[in-house]
Amino acid sequence: MEMDPLEVFEVEMPGEDYGAEKYREIIMDILQDLGLIMSIGRLYVYVDIKTPYFAVFGMIRGKQPPLKVEDVGDLVEAEGGYQITVEDEEHMANLIRVLWETYGRENVEQPDRNVLVVLSDESPKDLVVADLETEFKRDLMDALIRIAPEGFRNRRSEMGKDSFFFFAAEETIKPEMVAEAKEKFGGMKDA
Amino acid sequence: MLDPVMFTGGVYKHDLVTELIEDLGGYLLQKNVTQSEIILLMLVPHEDMPVLEALTKELRGKLERAPLAGTEIAVVTPTLAIHHLPHPACDVAEYIRRHGAKSNMIGMGRGVAREIAQMDEYETALINEHDAVVFIFGNFVDCILKKEHLYRNLTIPVIVTGGPEMEKEDFPYAFEYVQNVGRIAHRSRKATEIGSLDNIVAAAGRALDSVRASISKDPLTTTPPRVMEVVREQVPDIMHSYSPLPIALNLNGLRIKLPYEEYHEAVAGVKFDEGVTLGEIAKVMPSKMKNYILVRILPMSETGFVV
């Protein structure tokens with residue numbers, strides 16, 4: 001499904017208008033800090049402070065394909081192997097690890113800070129350097145835990161393919177509470 | 001009367017300022033050197049201010065009033081986790097510090113949530129050693145009201161801060177409530193946010209004034225800065241304390257940052273010019289903060305004289 005970044009962002013907290021407005025800011029700040037805004041299409045937050053519980057439902061924008069060697073650097077065939085020139089060093093550590101695992105340490109050389117040479121006939125073109133999907137989900141979980149009020153230590157999360165549901169409460173989580181939150185999200189989505 | 005002021009300037013020739021303060025009969029409370037800059041926190045006799053102002057001008061320094069100087073204020077957050085720190089707790093603590101107070105940040109062990117929040121005896125006693133306390137609460141009306149029991153047993157003035165607009169009547173156990181602070185995830189930089197910090201400092205000022213007023217009804221036998229001077233002279237080991245502020249002043253005493261077991265006799269034995277020792281006019285006891293020494297000066301009604 002095609003979505004704009006945060007095209008829908010709703011926060012509902014019955015009886016706590018100020019809290020709702022402030023939590024909007026907090027969520028924006030935290031998502032911005034962790035660089036997640038572009039990856040989330042729709043976000044619904046529902047808080048019942050009397051019970052109390054804190055619930056978030058969100059839709060993820062598009063799927064991120066795994067990052068391959070050819071995506072992180074320029075790959076050229078060189079004498080006796082392949083040479084990779086990396087511009088963005090963000091994935092350098094991962095790249096070296098993957099090359100070491102595949103070709104062995106003795107067959108990977110680093111003549112310069114951003115240049116790697118692989119001594120092999122096999123092209124490393126299709127090797128997976130980083131699984132962005134997993135990284136994104138880890139960051140997302142981190143963000144949700146940061147967003148939820150700290151006292152809400154009992155948490156449950158459901159990570160789907162293109163959506164996620166997060167629930168945090170102070171007391172033991174009861175199925176009725178989760179069902180109630182999900183029902184509220186149903187209403188918010190239809191509205 | 002002594003005026004609390006803060007001098008900011010270069011390290012070069014700053015000893016002229018400290019010498020002048022000594023000559024005028026004022027007190028140097030704190031000296032902070034940050035590379036080539038220096039910040040001096042002082043109490044200066046009101047009528048001698050023009051002399052200090054002239055010297056400050058000559059040294060190209062800056063002299064500001066520091067209304068909270070000589071006091072210690074606790075800034076309490078429900079925990080020390082990322083949810084409550086660094087914003088806004090550090091902003092509040094830093095802002096209070098800039099106005100001259102010594103601010104201590106305290107994260108409660110079990111201060112989180114609505115139903116399970118609690119504070120133990122040790123935390124209560126530790127906070128009670130300060131002159132005033134600022135509690136940083138969140139954005140929900142219901143939670144702020146529910147957390148009242150955390151500060152109900154404190155004997156010092158409590159300033160509660162939170163997000164929503166609430167009435168003074170909602171806080172029978174607090175000295176004042178400052179709104180528009182609450183939980184935020186960014187630094188306080190907007191004019192409204194800085195304004196709220198100003199409100200906290202103003203509230204702290206009023207709280208300290210109320211403590212001063214109640215002390216003035218039964219004055220202390222001597223003033224805390226005077227005790228500080230005498231301890232500095234007669235317990236020279238205090239100069240080797242690694243704390244940035246080896247002697248912290250309170251309105252009704254002071255905290256001396258030396259191990260209690262080794263030094264409490266030396267501290268109790270320091271002698272004033274009038275012939276009395278500190279042990280006779282003050283209680284010297286172990287502080288709840290590390291193993292420091294806490295001094296509480298007795299009021300005139302107990303000793304029968306003023307030195």
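Q: What should I know about the model and its numbering?
A: It is predicted: local features need pLDDT of at least 70, side-chain atom pairs count only at pLDDT 80 or more, and totals for chains, interfaces and linings use all residues. Residues are numbered from 1 along each chain as its sequence is written, chains are lettered from A and ligands numbered from 1 in the order written, and side-chain values use heavy atoms, without hydrogens and water.

Q: Which domains does chain A have?
A: Domain bounds come from an automatic or database domain assignment. Chain A has domain 1 (8-64 + 132-190) and domain 2 (67-130). Their C-alpha centres lie 39 Å apart.

Q: How many helices and strands are in chain A?
A: Helices (H or I, at least four residues) and strands (E, at least two) are DSSP runs, numbered from the N terminus. Chain A has five helices and 11 strands.

Q: Why is chain A called more spread out than a compact globule?
A: The radius of gyration is taken over C-alpha atoms; the globule rule is 2.2 Å times the number of residues to the power 0.38. For the 191 residues of chain A the rule gives 16 Å, but the radius is 22 Å, well over that, so chain A is more spread out. Its C-alpha atoms fill a box of roughly 70 × 30 × 25 Å along the principal axes.

Q: Which domains of chain B are in contact?
A: Contact means heavy atoms within 4.5 Å. Chain B is divided into domain 1 (2-65), domain 2 (72-216) and domain 3 (224-303). Five residues of domain 1 of chain B contact seven residues of domain 3 of chain B.
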